[in-house]
Amino acid sequence: MLYGRTQELCTIDRMLAAAHDRRSSALIIHGEAGIGKSALLGYARASGMTALEAFGVECEAKYPFAGLHLLLRPLLDHVHKLPPRQAAALRGAFGLGPSTSQDLFLTGLAALTLLSEHGPGPVLCLIDDLQWLDSASASALLFAARRLEAEGVCMIFTSREDDPAPGILRMRLGKLPDVAAGELLRARAGAMSAQTSRRILNEAAGNPLALLEFSAALTDDQRAGRAGPLPSAVDAEPSPSRVQRAFRARIEGLPEATQLVLLVAAADDMGDAEPILRAAGRLGAGGDALGPAEQAGIVHVTGDGGSVSRIRFRHPLIRAAAYQGTPHHLRVAAHRALAAVLTGEAHTGRRAWHLATAVRGTDDEVAAELERAAVQALDRQDTPAASAAFERAAALTTDERTRAGRLVRAAELAVRAGHLDKAVALAEGVGELTCDLPVRARADHIWASVEFERGSASRAGHILVKSARRVAAADPEAATLMLVDAARNAVFGSDAGLARAVAAALACLDGRGGRGVSGTSLARGLMTVAQVIDDETVHDLGPVREAVGFLLETAQDQPARYLLAGSLSLLAGDHVMACRVGASLVAQCRGQGLIGVLPSALALLAQAQMVNGRHRDAAEAADEALRVARDIGQSHRVQHLGGILAWLAAISGDAAGCRALAADMDLAVEAGRVMGAWASGLLHLGLGDSRQALEHLAPLWHGGRRHQTVALYAAPDLIEAAVRAGRPDLALEPLAEFEHWAKAVGTPLTAAGAARSRGMLARGAEAGTHLAEAVRIHERHAGSDHRFERARTELVYGEFLRRDKQRAAAREHLRTAFELFDLLGAHPWARRARTELRALGSRAVSRAKGLASLLTPQELQVVRLAAGGMANREIAAHLFLSPRTIEYHLYKAYPKLGVGSRAELADLDVPSMC
């Protein structure tokens with residue numbers, strides 16, 4: 001019986017019922033110690049579902065994947081059934097096989113697949129004390145929780161902390177209401193006087209564990225109200241602290257040897273009885289010392305055949321009482337005893353941390369042990385644990401240069417883990433320790449990474465250039481990496497000055513032996529990029545294309561070079577190459593399990609597909625990228641992807657979706673802000689509200705530094721909005737720059753866009769000449785993907801012909817525009833074409849089959865892969881989802897498409913449905 005938790009129990013009941021219907025869900029319950037979080041887990045456990053359990057403990061937080069191993073231990077015999085990369089990642093994480101050095105989130109995906117395929121019925125995962133779970137396990141499990149869909153898995157976490165976990169339902173567990181607290185006390189504490197009852201209720205302040213522990217500590221006289229103050233009463237101390245003091249009092253009543261065993265168990269926190277009892281024996285506690293603690297309900301003991309295998313404290317506050325209430329010299333002795341019995345490679349991390357906890361001041365031998373533990377954690381892709389180990393190793397190191405090297409490594413890993421404030425603090429410490437240029441350069445790289453993640457690509461790039469110049473002679477390889485990153489920042493931030501600075505630094509570095517650098521290719525390409533950004537007339541974009549080729553030739557397994565090559569291709573108007581680069585990088589991420597890089601790769605691909613007219617493909621890629629970015633906490637990438645999806649929503653006329661996405665743009669993140677403005681302008685342009693469109697689009701060119709790539713691609717939209725709103729003066733500069741760029745690009749799409757834009761600004765016969773030329777260009781390349789741009793050109797030309805009284809010709813072009821818009825699902829644009837046709841006395845009837853429009857982006861993605869012959873498990877591994885989720889999406893897609901099986905998908909010609 002749980003008192004006062006009716007609403008919380010209903011939530012859990014709904015989750016359990018959903019799991020029986022093959023629907024998955026996840027919940028984080030947070031609240032103070034003793035508030036009843038574990039009791040809710042017990043309620044869920046009593047449902048009878050197959051339950052897997054794990055719990056976090058403070059010291060265990062330093063041991064990579066300890067919590068995940070505890071949860072999945074009953075399923076490890078089935079690891080061989082996983083896709084090979086996932087199986088290897090899980091074995092490596094648990095020390096059951098060689099380290100695969102894979103993406104951390106691949107281990108989370110492996111856990112998701114293993115859970116989804118366990119047993120014929122639903123699975124319940126209970127994870128207590130998430131705040132103390134090791135960071136690798138927490139990241140993997142939260143990633144799995146966010147990817148849950150149709151596996152029949154119910155995951156419930158508890159945590160004392162209220163840290164954000166986007167995408168997962170949260171429940172705040174508050175204090176018990178007075179009535180419920182009174183009912184609990186009467187039901188569980190036995191008879192006591194009204195006065196004592198009131199005092200217990202007041203002191204417990206609605207904390208259920210406090211109620212039970214305070215009442216359990218009462219003497220008979222206190223129950224009857226014949227004694228003085230209650231032993232738990234301490235003024236202004238919160239209930240959990242008073243409960244811990246009560247637990248400490250109970251521990252102190254046990255034999256001294258039993259207290260030693262409890263201290264060692266609390267210091268170890270892993271719960272493995274064998275090393276705990278051996279370490280306690282070194283301190284003088286015999287094998288029978290554990291018995292009194294078990295009899296007193298302090299610990300739970302499990303084992304087989306009379307031997308103890310695991311020791312677990314009944315509540316985290318008991319563990320805290322056993323450890324924190326003990327004198328410091330005994331705690332040090334306990335850690336040293338544990339380190340002495342934890343021998344072998346498998347226990348490197350645990351041994352190192354026990355030794356480090358026992359050290360005051362510096363100790364180079366222990367620091368070396370911690371460095372080995374950090375490398376081991378890094379092999380398992382637990383960057384937070386590795387960062388913490390390097391940081392502690394630095395603190396124990398005597399030599400300042402060695403200390404600086406360990407500290408900068410800790411900072412680098414903190415950036416990778418997303419702990420930006422921590423990274424900055426560590427990098428600041430490096431500068432105080434050493435003047436060694438390569439080490440200082442690494443610290444500068446950290447500063448730049450933090451600036452980029454916080455939305456300032458330009459500042460990040462300038463930091464990198466300055467540092468690369470300082471370190472070029474001493475470490476050309478480091479300078480090379482920094483300058484490639486700086487180049488990407490220049491393009492991403494549309495910073496001409498930065499592009500020129502990078503080009504100059506590359507030219508100098510080229511003669512110093514830096515591998516993979518060419519002053520005659522990448523540097524020249526960046527100088528051309530700077531000219532484009534600065535609105536200088538550029539007649540030849542060849543150097544940019546040469547730079548792209550050079551980057552791809554030297555990319556190997558460096559995603560940064562692929563991303564820079566893709567960005568340069570977009571700026572050079574080479575949409576085909578940008579799509580090719582994006583697709584190649586996405587394939588590399590899928591093949592190697594690089595989930596952390598996947599959102600950036602998909603964002604590049606989506607943007608390339610977007611400007612290449614492949615809107616449905618772009619929506620598919622951006623939708624997946626957004627889901628993965630949210631699942632792994634890449635907030636900066638979420639902003640950019642939101643802008644792409646807002647643009648695509650504008651095309652279809654989804655005003656609510658476009659506005660919601662644009663409104664969520666962080667104004668400090670330039671890429672998201674400019675994409676959101678472009679999307680909002682395009683939405684209003686399609687809806688026929690030219691003035692509103694101009695308000696959003698004009699700032700992309702006028703009134704401040706602009707993002708040149710977006711500005712160039714948005715120029716035809718701004719020109720149209722300005723002309724229709726009666727402000728052609730605002731179209732003159734964008735038209736001139738767009739025409740120069742289009743000529744240098746030399747593609748049919750840009751040529752047609754320039755001709756259409758010039759025709760809109762012209763008058764009379766001149767306008768007709770330019771518009772007719774734009775139509776002819778599109779007709780000559782009718783097989784391309786640029787159907788939306790062709791439809792817009794046909795619409796503008798049709799409008800011109802109608803005004804010019806050429807009704808028959810106007811009707812022909814307007815009908816072509818309507819049919820293309822209708823086929824693409826560009827509803828507001830189709831309405832505009834229909835209105836024009838109606839003015840000519842013609843009707844326009846939708847004939848688009850629109851099968852693809854019936855599917856969500858994720859459903860379409862699954863259907864395409866299934867139609868291509870992939871099995872469900874292959875699709876799941878490809879999309880980083882569970883096989884049961886793939887089954888679910890196909891189950892939903894079949895009736896929408898009017899098919900009953902996978903074999904029938906091939907008859908639909910799925911690739912052409914877009």
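Helix axes here are lines fitted to C-alpha atoms over the stretch in contact, and the angles between them run from 0 to 180 degrees, taken between N-to-C directions. Keep that in mind for the helix pairs. One caution before I start: this is a predicted model.

First pair, H28 and H30. H28 covers residues 559-571 and H30 covers residues 598-611. Their axes are 10 Å apart, and the packing angle is about 15 degrees. Angles under 35 degrees count as roughly parallel, so H28 is roughly parallel to H30. The two cross in a left-handed sense. Who makes the contact? From H28, we have Tyr-562, Leu-563, Gly-566, Ser-567 and Leu-570. From H30, we have Ser-600, Ala-601, Leu-604, Gln-607, Ala-608 and Val-611. By class, that contact holds 7 nonpolar residues and 4 polar ones, with no charged residue.

H22 is residues 437-453, and H24 is residues 476-492. Here the angle is about 20 degrees, and the axes lie 11 Å apart. H22 and H24 are therefore roughly parallel as well. Again, the crossing is left-handed. On the H22 side, Ala-441, His-445 and Phe-452 make the contact. On the H24 side, the residues are Leu-481, Met-482, Asp-485, Arg-488, Asn-489 and Phe-492. This contact does include charge: 2 charged residues, alongside 5 nonpolar and 2 polar.

Stay on H22 for a moment. Asp-444 sits in this helix. Is Asp-444 buried or exposed? Its relative accessibility is 15%, so Asp-444 counts as buried. Setting aside neighbours within four places in sequence, Asp-444 contacts Ile-463, Ser-467 and Arg-470.

H36 runs over residues 708-724, and H37 over residues 732-745. The packing angle is about 135 degrees, with 9 Å between the axes. The class count for H36 with H37 is 10 nonpolar, no polar and 1 charged.

Which of its residues are buried? They are Arg-331, Val-332, Ala-334, His-335, Ala-337, Leu-338, Ala-339 and Val-341. Note that an arginine and a histidine are on that list. The cover over these buried residues includes four helices: H12 (256-268), H13 (273-282), H15 (316-324) and H17 (348-357).

Next, two backbone points. Arg-22 is not a glycine, but its phi is positive, about 65 degrees. Where is Arg-22? It lies in the loop between helix H1 (6-20) and strand S1 (25-30). Relative accessibility is 24%, so Arg-22 counts as partly exposed.

Ala-205 also has a positive phi, near 50 degrees, and it too is a residue other than glycine. Ala-205 lies in the loop between helix H8 (194-204) and helix H9 (208-216). At 31% relative accessibility, Ala-205 counts as partly exposed.

Start with Pro-828, in helix H42, residues 827-839. Its relative accessibility is 3%, so Pro-828 counts as buried. What does Pro-828 touch, beyond residues up to four places away in sequence? The contacts are Ala-650, Ile-651, Ser-652, Gly-653, Gly-686 and Leu-687. As a distance check, take Gly-582, which is 246 residues from Pro-828 along the chain. Their C-alpha atoms are separated by 30 Å.

Then Gly-542, in helix H27, residues 542-554. At 17% relative accessibility, Gly-542 counts as buried, because the cut-off is under 20%. Gly-542 and Ala-358 are 184 residues apart in sequence. In space, C-alpha to C-alpha, Gly-542 and Ala-358 are 63 Å apart.

Technical notes. Residues numbered from 1 in each chain as written. Predicted model: local features only at pLDDT ≥ 70, side-chain atom pairs only at ≥ 80, totals over all residues. Heavy atoms only, no water. Buried < 20%, exposed > 50% of the residue type's maximum accessible area, 1.4 Å probe, protein only. Contact = heavy atoms within 4.5 Å. Parallel < 35°, antiparallel > 145°, perpendicular 65-115°, else oblique. Left-handed = near helix turned anticlockwise from the far one by under 90°. Nonpolar A, V, L, I, M, F, W, Y, C, P; charged D, E, K, R; others polar.
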